[in-house]
Amino acid sequence: MRRLRTRVAGVLLAVLALTVTTACSSEDGAAGSEPAAKAEAAADRVEPLADTPVPQLPVTVRSSDGRKVTVRDAQRIVPLSGSLSEIVFTLGLGDRVVARDITATFAQAEKLPVVTRNHDVSAESVLSLKPDLVLAETTTGPDEAMDQIRDAGVPVLVVDPAKGLEDVGPRIGTVARALGVPAAGKELTKRSEDRIAAVRKDIPMKTDKPRVAFLYLRGTASVYLIGGKDSGATSLLEAAGAVDGGAESGLEKDFTTITTEALAKAAPDAILVMSKGLESVGGIDGLVKIPGVAQTPAGMERRVVSIEDGVLLNYGPRTDEVLKSLVDQLYGDTK
């Protein structure tokens with residue numbers, strides 16, 4: 001889940017490195033959750049722009065690591081996060097992508113070779129594909145691998161990670177400029193923001209906003225975390241007309257180990273999870289067995305919102321789909 005890793009820091013990074021192999025090999029539908037199945041179906045493919053843009057290169061752009069990067073060609077692109085892969089494909093340049101990070105799970109990318117190991121970049125694997133541009137995020141590593149790629153003369157553009165809805169447009173624009181297709185970037189930004197706005201118009205106006213706790217679960221590794229202020233979920237929940245229960249209860253860190261006390265303070269009316277995380281604990285039946293969950297309003301009502309891991313916190317061209325899935329599951333027939 002490098003896409004998730006770009007939203008959070010610290011303890012979760014180690015968790016992801018330890019659990020990715022098991023999580024990514026889980027069979028679809030193991031949780032028996034209808035919301036999870038719907039969310040995964042909606043997130044399976046990206047929708048490229050109707051007109052394929054032609055890159056106008058060379059261009060020189062500033063990388064978020066402070067370097068100036070000159071891109072002279074973009075025939076062989078390696079995006080080192082699922083989020084960045086999604087942007088490149090949606091801009092219409094997916095046929096130029098020659099490799100993927102393990103978090104690029106959408107259908108158009110699934111046959112590409114993977115160049116990460118437990119989310120760490122393999123410089124040898126990247127360089128063997130002779131890329132002319134590598135797209136990375138500030139959390140991409142290890143540093144030694146990235147330096148090895150740069151030392152080989154390959155341009156590396158580092159993009160700031162997304163933390164909320166306000167980052168959708170800037171990230172698309174940054175990638176589009178580096179690829180020499182700024183007009184396509186503006187078109188995709190407008191499409192993405194318009195679609196998000198359309199979903200938000202259909203959100204019920206409620207005075208008693210539902211409280212939602214974002215839980216990161218990896219039952220195979222006994223990892224049970226509750227999201228706080230920096231988890232990356234707050235912006236999405238607020239856009240859906242909800243309250244981030246973990247952040248509102250005073251959890252300052254990105255993620256904190258779940259305790260009965262923490263859940264009681266968050267007092268969620270609903271629980272937001274990633275679909276593979278829900279599968280890993282045995283579905284909703286297993287979720288409510290985690291200490292403290294059954295005692296929350298969400299646990300008592302078995303009110304769980306499940307969205308596919310590969311897209312939940314992407315904040316990119318498919319965020320409108322994520323938001324719609326969240327709204328539909330959260331409000332159901334009450335809209």
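User: What kind of unit do S6, helix H6 and S7 make?

Analyst: This is a predicted model. In it, S6, helix H6 (residues 143-151) and S7 form a right-handed β-α-β unit. The handedness label applies because, with the strands pointing away from the viewer, the path from the first strand over the helix to the second runs clockwise.

User: How do you know that S6 and strand S7 pair?

Analyst: Pairing takes at least two bridges. S6 and S7 (residues 156-159) have 4, in the parallel sense.

User: What joins strand S3 to S6?

Analyst: There are 3 bridges between S3 (residues 77-79) and S6, and the two run parallel. At least two are needed, so the strands count as paired. Pro79 lies opposite Leu135 of S6.

User: Why is strand S6 called mostly covered?

Analyst: Buried means under 20% relative accessible area. In S6 (residues 133-137), 5 of 5 residues are buried, so the label holds. Leu133, Leu135 and Glu137 point one way, Val134 and Ala136 the other way, and all are buried.

User: Which residues touch the most other members of the largest nonpolar core?

Analyst: Leu91, Val175, Leu179, Leu272 and Leu312 do, in a core of 64 residues. Another core, of 19 residues, lies apart from it; Ala213, Val293, Ala298 and Val304 are among its members.

User: What does Leu272 touch?

Analyst: Contact means heavy atoms within 4.5 Å. Leaving out residues up to four places away in sequence, Leu272 touches Val212, Ala213, Phe214, Leu215, Leu237, Val305, Ile307, Leu312 and Leu326.

Methods
Residues numbered from 1 in each chain as written. Predicted model: local features only at pLDDT ≥ 70, side-chain atom pairs only at ≥ 80, totals over all residues. Heavy atoms only, no water. Buried < 20%, exposed > 50% of the residue type's maximum accessible area, 1.4 Å probe, protein only. Core = buried A, V, L, I, M, F, W, Y, C linked by side-chain atoms within 4.5 Å.
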